[in-house]
Amino acid sequence: MSIHKKYGLVGYPLGHSLSPMIHGEIFKRNGLSPDYALYEIPPEEFPERAEALFTFDGLNITIPYKEAIIPYCERLDESAEACKAVNCVKDRVGYNTDIFGFMKSIESLGADLSAKICLLGYGGAGKMIAYCAEKAGGNLTVAARNPERFKKTGIRAEFVRNDELKGDFDLLINATPVGMFPDVDECPVNFENIRAEYVFDLIYNPIKTKFLALAEESGAKAVNGLLMLVWQAVKSHEIWYGGAVSADDVQEIIKAAQEVL
């Protein structure tokens, strides 16, 4: 008798998540139909509920628990150890599949991580991107609300306040939630003071944030975070049970996600 598998996404809040649809499509293309559900856990409840999460066959972890889950893991994969953030768990081992999704997105955009990069935000996703940029030999500037707290991280970067950011960059990346639905009129940067050839926004709802719209108006080639979201999900399935989908499948899943949005 086969045992029904159970997977899910843990975070707070999760009302905007496309993950059940995306993972459902990946499972379907691998001939499977397990449960994949959202587990919205308020921060004050996380310590008492964290242990029960490891009864699942596989988990994804999102804001605000990519770092909080680490003490509950028995060990970290090299990907998670490198950037000190976990977004995928199997058998009490923490992984970071965002790295794979991010690199796929940068490849699709045509940008170069060894170039002059500006990163907006330095949370869990920002640390992952800073790690990737440093590994590629990029010249990194990090703009955050409180840059002083990040100067002790050891990352090779220039740290500036958001409101002091200006200059020309090869690649500009938004790793903040500024501009995410429902606050769609917000933008994390003033494009009168900054220019970039390539722009990447980790946000995918809305499909075109004000940040991306202004970037395109300035002449930049820009892309949102949907491709990263799908590819990091694909990598999770590879870890969980050896699942795989083709690049054509990924494009079909992205199209379906856009229709939902």
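**Entry 1: conventions**

I take contact to mean heavy atoms within 4.5 Å. Helices (H or I, at least four residues) and strands (E, at least two) are DSSP runs that I number from the N terminus. The model is predicted, so I note that local features need pLDDT of at least 70 and side-chain atom pairs count only at pLDDT 80 or more, whereas totals for chains, interfaces and linings use all residues. Residues are numbered from 1 along each chain as its sequence is written, and side-chain values use heavy atoms, with hydrogens and water left out.

**Entry 2: confidence**

I looked up pLDDT, the predictor's confidence in each residue, from 0 to 100. The chain has a mean of 93, and 96% of its residues reach 70 or more. Among the elements, the lowest mean pLDDT is that of E9 (89), and the highest is that of strand E5, residues 88-90 (98).

**Entry 3: H1 and H8**

I then examined helix H1 (residues 19-29) and helix H8 (residues 247-260), whose axes come within 10 Å and cross at roughly 145°. Axes are lines fitted to C-alpha atoms, for helices over the stretch in contact, and angles run from 0 to 180 degrees between N-to-C directions. From H1, Met-21, Ile-22, Glu-25, Ile-26 and Arg-29 meet Asp-249, Glu-252, Ile-253, Ala-256, Ala-257 and Val-260 of H8. I sorted the residues of this contact into seven nonpolar, no polar and four charged. In this scheme Ala, Val, Leu, Ile, Met, Phe, Trp, Tyr, Cys and Pro count as nonpolar, Asp, Glu, Lys and Arg as charged, and the others, Gly among them, as polar.

**Entry 4: H4 and H5**

The axes of H4 and helix H5 (residues 124-136) also come within 10 Å, and I read a crossing of roughly 60°. That makes H4 oblique to H5; angles under 35 degrees count as roughly parallel, over 145 as roughly antiparallel, 65 to 115 as roughly perpendicular and the rest as oblique. Asp-98, Ile-99, Phe-102 and Met-103 of H4 meet Met-128, Ile-129, Tyr-131 and Cys-132 of H5. By class, I found seven nonpolar, no polar and one charged residues in the contact of H4 with H5.

**Entry 5: the parallel sheet**

I traced an open sheet of six strands in the order E9-E8-E7-E10-E11-E12, with parallel pairing. Two strands pair if DSSP finds at least two bridges between them. Strand E9 (158-161) and strand E12 (221-223) are at the edges with a single partner strand each, so one side of each has no neighbour in the sheet. Neighbouring strands of this sheet are turned by 25° against each other on average, direction ignored. Strand E7 (residues 116-120) pairs with strand E10 (residues 167-174) in the parallel sense over four bridges, and Ile-117 stands opposite Leu-171 in E10. Helix H4 (residues 98-109) packs on the sheet, touching E10, strand E11 (194-201) and E12, and its direction makes about 130° with that of E11. Helix H6 (residues 210-217) also packs on the sheet, where H6 touches E7, E10, E11 and E12 at about 135° to the direction of E11.

**Entry 6: the mixed sheet**

A further open sheet of six strands has mixed pairing and the order E2-E1-E3-E5-E6-E4. Its edge strands, E2 (35-40) and E4 (75-76), each pair on one side only. E4 and strand E6 (residues 93-95) pair in the parallel sense over two bridges, and I located Gly-94 in E6 as the bridge partner of Leu-76. H1 lies across strand E1 (6-11), E2 and strand E3 (58-61), running at about 160° to E2. Helix H7 (residues 226-241) lies across E1, E2, E3, E5 and E6, running at about 10° to E5.
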